[in-house]
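Colleague: I am new to this one. Could you walk me through it?

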Amino acid sequence: MSYGKGRRTNREFIQHIVDVGHGSVLEHAVWSFLVTGVSRSLTHELIRHRHFSYSQLSQRYVDESESDFIEPDVIAEDPQLHAIWSEAVNATRQAYDQLVAGLEQRFTAVPEKTLRRKLARQAARSVLPNATETKIFVTGNARALRHFIELRGSEHADVEIRKVAVAILELMQKEAPAVFGDYELVPLADGSRATCTSHPKV
């Protein structure tokens with residue numbers, strides 16, 4: 001509203017906001033994402049970004065006996081490490097199935113079937129690893145997205161969440177190039193990419 005004369009286009013207006021670091025104005029633009037094929041380990045980190053809103057798949061209501069597990073690339077690339085990892089996650093899946101079956105027997109006195117299942121699953125999920133696949137619906141404004149991309153797209157971030165940050169940046173550069181056009185993708189030695197901007201902390 002206090003925008004000066006001489007910069008008439010939307011792109012010029014947004015570029016001025018980014019240049020001078022008036023990030024609060026960017027909080028009015030909001031996007032939502034459905035993030036799938038990620039681990040609970042990732043979502044534990046993701047929900048630390050308090051300026052996003054979240055809805056995540058519930059392990060209390062959803063049967064995890066057929067769930068997938070997300071294996072880190074660095075483990076998957078090594079046959080010996082992959083074998084150790086696979087043995088561990090398969091053992092937890094077996095334990096989960098056995099616990100659910102046993103707990104459902106313990107709760108036979110509970111008349112409602114849905115409640116019996118929920119009570120069994122909420123206790124049995126305690127053995128599931130961080131690698132358990134999940135999905136999460138995320139809503140955030142442009143400023144929160146920039147902050148996320150800057151922190152989680154860094155080469156120092158966890159590899160899995162960095163992939164998500166890079167994917168979101170690529171989407172946002174198509175959706176809102178004026179807001180996210182100052183970011184670049186930088187190749188790293190391991191073949192992955194990191195995000196970089198000349199306008200940090202907007």
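Colleague: Why does the length of H7 agree with a helix of 17 residues?

Modeller: The expected span is 1.5 Å times one less than the number of residues, where a helix is a DSSP run (H or I, at least four residues), numbered from the N terminus. The 17 residues of H7 should therefore span 24 Å, and this agrees with the distance between its end C-alpha atoms, 24 Å.

Colleague: Thanks! What kind of model is this, and how are residues numbered?

Modeller: Numbering runs from 1 along each chain as its sequence is written, and side-chain values use heavy atoms, leaving out hydrogens and water. Local features need pLDDT of at least 70, side-chain atom pairs count only at pLDDT 80 or more, and totals for chains, interfaces and linings use all residues, as this is a predicted model.

Colleague: Which residue caps the N-terminal end of H7?

Modeller: Look for a side-chain oxygen 3.1 Å from the backbone nitrogen of Glu 160. That oxygen belongs to Asp 158.

Colleague: Which element gives the largest share of the lining of the largest pocket?

Modeller: The largest pocket is lined by 17 residues, with Val 159 and Glu 160 among those nearest its centre. Helix H3 (73-76) and helix H7 (159-175) each give two or more residues to that lining. The largest share, 3 residues, comes from H7.

Notes
On a 1 Å grid over the protein atoms alone, a cavity is a set of points where a 1.4 Å probe fits but cannot get out, and a pocket is an open set with protein on both sides within 12 Å along at least five of seven lines; lining residues have an atom within 4 Å of a point. A polar contact is a pair of N or O atoms within 3.5 Å; within protein, one must be able to donate a hydrogen and the other to accept it, and residues adjacent in sequence count only if both atoms are side-chain atoms.
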